[in-house]
Amino acid sequence: MENFQLLAATILGVGLLLVLVTRFKINAFISLLIASIFVGLGAGMPAADVLSSMQEGMGGTLGFVATVVGLGAIFGQILEHSGGAESVARTLIRKFGRDKASWSMVITGFVVAIPVFLDVGFIILVPLIYALSRDTGKSLLYYGIPLLAGLAVTHAFIPPTPGPIAVADILGADLGWVILFGFIVGIPTAIIAGPVFGKYIANRIHVPVPDYVEMDEHHDDEDADLPPFSLLILIISVPLILILGNTITEALLDQAVIEPQFWTETLIFIGHPFSALTAAVLIAMYWLGVRRGTTRDTLSELSMEAMKPAGVIILITGAGGVFKQVLINSGVGDMLAGGMADLGLPLIVLAWLIAMAVRVTQGSATVAMITAAGILSPILVSFDVSEPHKALIVLAIAAGATTLSHVNDSGFWLVNRYFGMSEKDTLKSWTVMETIISLVGFSLAFALSFFV
């Protein structure tokens, strides 16, 4: 009887969350808090315990996420202001040539989305898509789908983007493993969903440059104003390499392959996400800001501007931590873990299915990721899950939250508006691309789970 009450409270709580977000259009942060209170009280927790669990969940989550997402947002804002995204794109187009520009666009999207939000990266780079389409006469989708695939894959799979950071923190996964597997899973996924699918769909749907787009002539000497490609790659790589170094060092220490020494402690310290991203921000401020004539006042303004979108993500993630903590403290986690053991369903499959269901229902990938992570987190406590396997579960959640973007997702309308497509053609191109990312990404993560 008690298990039935816990299960009913959880199902109704998730249902309430979806209704609040989709039917009543209540902000996801508030909706998650309301759902958490509902689940706690419905599971029989005293009201005072529900409130203390909410405080515990919010504080425990934001201590890490707020710092990492905040630093990552500033890093991306500086890169965007410097013209770094355009520099990467133009350099790769020159290297690959216009005949293979679809490959340069998927690589551009993959690289740029590491520090820059997906929608921002797309808006910055879409003029290049217009120019390529105009010059070659090809469909916008021939170049646009590869760019979007690169952006979407990195946005979902590779920290320091907010989604995988939030999920990794809620599940207690190591960011280094998430980054490593994110690249392993993300690269083939981006290729299949990008240049391969882009070529296929562009041959079936010809999307011209919209009539309302004003095209500017570009001159090669404009590239002189952009930061060097090699510098940008180096700066973007700094936090990734440092965090991976931290993970590898800790793994070798755990296996007693090496002994603790000053240099190992140094690598662990500088490779912590706090230290790695702080270093990246300072390097970007100097080389992409001060050295290029940006004033200190402007850098300060850019940092403040970056906090606006980051603040929303941070609060939603904190509310996801509240949801997780209520599930743990109410006993729901133990009940779900027992049910999972009886069913024999792999955790990684459950993670993908939950994220996919929430994503399709309410549209927001962020809400889908955080809701799925909140449900999975108390279950993981009852299982002996290795760090690499946790990272793959993070990717499975990210893949599920990418599924079937349609009319309830802001990304759908962003692509629809900038490409001037009908809703039908947007479903055939963007929506299918997102679903390919989900299916291929999950399949690769699931296959890797048998080896870690």
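Analyst: A helix here is a DSSP run of H or I at least four residues long, and helices are numbered from the N terminus. The model is predicted.

User: What makes Phe96, Trp103, Ile107, Ile187, Ile191 and Val196 a patch on the surface?

Analyst: Nonpolar side chains are joined into a patch within 5 Å, provided each residue has over 30% relative accessible area and no salt bridge. These six form a nonpolar patch, and together they have about 460 Å² of accessible area. Two or more residues come from each of helix 5 (101–112) and helix 9 (175–202).

User: Which helix gives the most to the nonpolar patch?

Analyst: Helix 9 does, with 3 residues.

User: Why is Ile187 called partly exposed?

Analyst: Ile187 lies in helix 9. Ile187 has 43%, so it is partly exposed.

User: How do you know that Arg98 and Asp135 form a salt bridge?

Analyst: The criterion is a side-chain nitrogen of Lys or Arg within 4 Å of a carboxyl oxygen of Asp or Glu. For Arg98 and Asp135 the N to O distance is 3.3 Å, and the pair counts as a salt bridge. Arg98 is in the loop between helix 4 (84–96) and helix 5, and Asp135 is in helix 6 (residues 118–136), so the contact ties together parts 37 residues apart in sequence. Searching the whole structure gives 7 salt bridges.

User: Are Arg98 and Asp135 buried, exposed or in between?

Analyst: Arg98 has a relative accessible area of 42% and is therefore partly exposed. Asp135, at 41%, is partly exposed as well.

User: What makes the contact of Arg359 with Glu434 a salt bridge?

Analyst: Their closest N and O atoms are 3.0 Å apart, against a cut-off of 4 Å.

User: Where are Arg359 and Glu434, and how far apart in sequence are the parts they tie together?

Analyst: The salt bridge between Arg359 and Glu434 has its N and O atoms 3.0 Å apart. Arg359 belongs to helix 15 (residues 347–362) and Glu434 to helix 19 (residues 423–448), so this pair ties together parts 75 residues apart in sequence.

User: Why are Arg359 and Glu434 called buried?

Analyst: The label applies under 20% relative accessible area. Arg359 has 3%, so it is buried. Glu434 has 5%, so it is buried too.

User: How do you know that Lys390 and Glu387 meet in a salt bridge?

Analyst: The N to O distance between their side chains is 3.9 Å, and the limit is 4 Å. Both residues sit in helix 17 (residues 387–400), where they are 3 residues apart, about one turn of the helix. Lys390 is buried because its relative accessibility is 17%, whereas Glu387 is partly exposed at 32%.

User: What is the peptide bond from Pro159 to Pro160?

Analyst: It is cis, with omega near 15°. Pro160 is in the loop between helix 7 (140–157) and helix 8 (162–171).

User: What is the phi of Lys25?

Analyst: Lys25 has a positive phi, about 55°, and is not a glycine. It lies in the loop between helix 1 (2–22) and helix 2 (28–42). Exposed means over 50% relative accessible area; Lys25 has 65%, so it is exposed.

User: What is the phi of Ala256?

Analyst: Ala256, also not a glycine, has a positive phi of about 60°. Its place is in the loop between helix 10 (229–254) and helix 11 (262–270). Ala256 counts as exposed because its relative accessibility is 54%.

User: Why is Glu259 called exposed?

Analyst: Glu259 is in the loop between helix 10 and helix 11. Its relative accessible area is 52%, so it is exposed. The C-alpha atoms of Glu259 and Gly163 are 35 Å apart, and the two residues are separated by 96 residues along the chain.

User: What is the volume of the largest pocket?

Analyst: The largest pocket has a volume of about 1300 Å³. It is lined by 49 residues, and those closest to its centre are Asp119, His155, Ser364, Thr366 and Ser410. The lining comprises 26 nonpolar, 16 polar and 7 charged residues.

Notes:
Residues are numbered from 1 along each chain as its sequence is written. This is a predicted model: local features need pLDDT of at least 70, side-chain atom pairs count only at pLDDT 80 or more; totals for chains, interfaces and linings use all residues. Side-chain values use heavy atoms; hydrogens and water are left out. Patches are made of residues with over 30% relative accessible area and no salt bridge: like charges are joined within 9 Å, nonpolar side chains (Val, Leu, Ile, Met, Phe, Trp, Tyr) within 5 Å. Accessible areas come from the Shrake-Rupley method with a 1.4 Å probe; for residues, only the protein chains shown count as cover. Buried means under 20% relative accessible area, exposed over 50%, partly exposed in between (1.4 Å probe, protein chains only). On a 1 Å grid over the protein atoms alone, a cavity is a set of points where a 1.4 Å probe fits but cannot get out, and a pocket is an open set with protein on both sides within 12 Å along at least five of seven lines; lining residues have an atom within 4 Å of a point. Grid points are joined across faces, edges and corners, and a volume is the space filled by probe spheres set on the points. Ala, Val, Leu, Ile, Met, Phe, Trp, Tyr, Cys and Pro count as nonpolar, Asp, Glu, Lys and Arg as charged, and the others, Gly among them, as polar.
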